[in-house]
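I open this notebook to record what I looked up in the structure shown below. The entries follow the order in which I consulted it.

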Amino acid sequence: MAIKPQPAWRRQLGAILIWGGTIFLIVNLFAPQVFGRPIPQVPYSLFIDQVEDGKVASVYVAQNEIRYQLKAEQDSETNQGGALGQVLRTTPIFDLELPKRLEAKGIEFAAAPPPRNSWFGTILSWVIPPLIFVGIWQFFLNRGGGGGGPAGALSFTKSKAKVYVQGETEKITFANVAGVEEAKAELEEIVEFLKFPQRYIAIGARIPKGVLLVGPPGTGKTLLAKAVAGEAGVPFFSISGSEFVELFVGAGAARVRDLFEQANKQAPCIIFIDELDAIGKSRASGPFMGGNDEREQTLNQLLTEMDGFSAAGSTVIVLAATNRPETLDSALLRPGRFDRQVLVDRPDLAGRLKILEIYANKVKLGPDVDLKEIATRTPGFAGADLANLVNEAALLAARNQRETVANADFREAIERVVAGLEKKSRVLSDKEKRIVAYHEVGHALVGAVMPGGGKVAKISIVPRGMAALGYTLQMPTEDRFLLSESEIRDQIATLLGGRSAEEIIFGSITTGAANDLQRATDLAERMVTTYGMSKILGPLAYEKGQQNAFLNDGMMNPRRAVSDGTAKEIDQEVKDIVEQGHANALAILNHNRELLETIAEKILETEVIEGDELQALLAEVKTPDNLQIPVAA
Ligand code: ADP
């Protein structure tokens, strides 16, 4: 990748001025001393002696120096001061008698000799300091304004986007990215838009403007954006969200404007904004903090530009990355802005293997290296971690002065990287992995029988984020705004499916189900206190609306004032609902125990099961007859 150069004269101007000025000054101040004949310095006492002895012809008295010339008839043999008629200098002391002494000896004396180069020095003293200031000013401005355009006093409003124009040799394409196949498939479409915009415009379609890449750090979001640019052969502007917001209020908005201006000139092209959340945080968040005006202005400007810029028919597509999509302002996610969201998740086993292959190709591997084994041992590693892992292994081999990277190097590297990652991703022991597998399959099987929470679409035991060790993804089959009672009961049972599987298979339970229990209990409580779904307690809202909770108590107490008896009944009802869900989950899993084991063993090998394969497996689930409540229609 080549960074587009800035005009050389402008980048160098500051430096040239500073250096030119300094050298000029030094030469003019010191050169006369360096190149001229030096005037010998003598002690003041010697000067006085020479005056008293009548050897001095003339004296010039300056503030810091006295220069004098010896008489021509000086006897050079006895004279210590110098040759005939020589000019000498001494440093004066506070001596009020001096004029009198000189007068008494009839020596010609005068005040300071006219300073050498006086006019020149004066001019220098006036010109150099401003020059230095201008130089420093230029220097900083040039550092700030990187994006082309005239550098002037306002260049801090220029965007700092780096422009990459990829050459053929260093081109990044989809081949450089692995393990994120779905994301790649979705981005293929963007490449088409950039390559053949006319196709879409001709038919009257609106080319999407924004694509949000969502995923944990290091999973290859930046790399994907570069690959899109590389595949489409268009320039790539890269900037981080935090770079918009700086010292000057309003600079962020101006930078956004400038960025889009530049991009429009180069269209079709891609703008990549990393860390979008730095400017795109929800404006509603933090009610007690007050707004952040600068960030809001920047965000507003971004929205305006995104609404306006494609009007001219130019194809500029904004790709943005974030790992906290939930904090983004909803205005950003509206249609016409970042309406497409692409999940870039941590890779599964097959994905990790592919990524390892990409990077292993760049180092010399020994014969005993088994990439598959390495991939198996690194669940939860993102692409960046794997790239780092290969490099660490190569470094270890080189340090041990071996020619190729051995399996042992990889083992040690994994340990190092894991120790460094510790919190970021976890590497589970085999036992834990088994528990997670059964837990997730438990959710899936119960969810398959009681589909109130949606269709089970994916089971994964790749650790994800800080908390989840695995997950079961249920996709809603249609948009839902109302939930029926039985659907909520389904959801509760599905949430308890994980824990139930652990009970059945391992006869004990782990801490892994805490979050499930929390959610199940919350749902049950809301059924009773908010939705009036309890037969015993009737259609009453025992929960106060948010606002009322504030007004009435001054403190947050979400419960309406209820009698002790009612409180007890609520607790009992909530407990009963959760227990029922639990009983259903146990019944389903006991009934399908074989299937539970088959799928769990399978997922231990592949880490992820989804699509047709999963549906085929789940189709075998049998519904037991002893369910306590009817299954949702
Ligand atoms: P993000 O933007 O998601 O934080 P990056 O794209 O900056 O991550 O990834 C950092 C580096 O990690 C990349 O330059 C690349 O070397 C490597 N990398 C990450 N994900 C992948 C992947 N899926 N395939 C290949 N390399 C990857």
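**Entry 1: residues with positive phi**

I began with Gln401, which counts as exposed because its relative accessibility is 72%. I note that the model is a predicted one. Gln401 sits in the loop between α14 and α15 (407-421). I looked up its backbone torsion and found phi near 55 degrees, a positive value in a residue other than glycine. Most residues other than glycine have a negative phi.

I then turned to Glu607, for which phi is near 70 degrees, again a positive value in a residue other than glycine. Glu607 is located in the loop between α21 (593-606) and β14 (608-610). Is Glu607 buried or exposed? Its relative accessibility is 1%, so I record Glu607 as buried; Gln401, at 72%, I had recorded as exposed.

**Entry 2: the ligand and its polar contacts**

Which residues come nearest to the ligand? Of the 14 residues around it, they are Ala178, Gly218, Lys221, Thr222 and Tyr359. I looked up the atom pairs for three of these residues. A polar side-chain atom of Thr222 is 2.5 Å from an oxygen atom of the ligand. For Gly218, a polar backbone atom lies 2.8 Å from a ligand oxygen atom. For Lys221, it is likewise a polar backbone atom that is 2.8 Å from an oxygen atom of the ligand. The ligand taken alone exposes 550 Å², and the protein buries 79% of that area.

**Entry 3: the shell around the ligand**

I next asked which elements give two or more residues to the shell around the ligand. They are α7 (221-232), α12 (349-360) and α14 (383-399). Helix α7 supplies the largest share of the shell, namely three residues. Sorted by class, the shell holds seven nonpolar residues, six polar residues and one charged residue.

Why do I place the ligand between two domains? Domain 3 (162-343) and domain 4 (349-419) both give residues to its shell, so the ligand lies between them.

Arg352 is in helix α12. Its relative accessibility is 0%, so Arg352 counts as buried. Its C-alpha atom is 9.6 Å from that of Val180, although Arg352 and Val180 are 172 residues apart in sequence.

Ala394 belongs to helix α14. At 18% relative accessibility, Ala394 counts as buried, because the cut-off for that class is under 20%. Ala394 and Val363 are 31 residues apart along the chain, and their C-alpha atoms are separated by 6.9 Å.

**Entry 4: helix α16**

I checked the span of helix α16 (residues 430-449) against expectation. At 1.5 Å a residue, its 20 residues should span 28 Å; the end C-alpha atoms are 29 Å apart, which agrees. I also looked up its burial: 15 of the 20 residues of α16 are buried, so the helix is largely enclosed by the rest of the structure.

**Entry 5: a loop glycine**

My last entry concerns Gly106, in the loop between α3 (98-104) and β5 (108-111). Gly106 counts as exposed because its relative accessibility is 64%.

Technical notes
Residues numbered from 1 in each chain as written. Predicted model: local features only at pLDDT ≥ 70, side-chain atom pairs only at ≥ 80, totals over all residues. Heavy atoms only, no water. Near = heavy atom within 4 Å. Polar contact = N/O pair within 3.5 Å; in protein donor to acceptor, adjacent residues only side chain to side chain. Areas by Shrake-Rupley, 256 points an atom, 1.4 Å probe, with all protein chains shown as cover. Helix = DSSP H or I, 4+ residues; strand = E, 2+ residues; numbered from the N terminus. Nonpolar A, V, L, I, M, F, W, Y, C, P; charged D, E, K, R; others polar. Domains from an automatic or database assignment. Buried < 20%, exposed > 50% of the residue type's maximum accessible area, 1.4 Å probe, protein only. Expected span 1.5 Å × (residues − 1).
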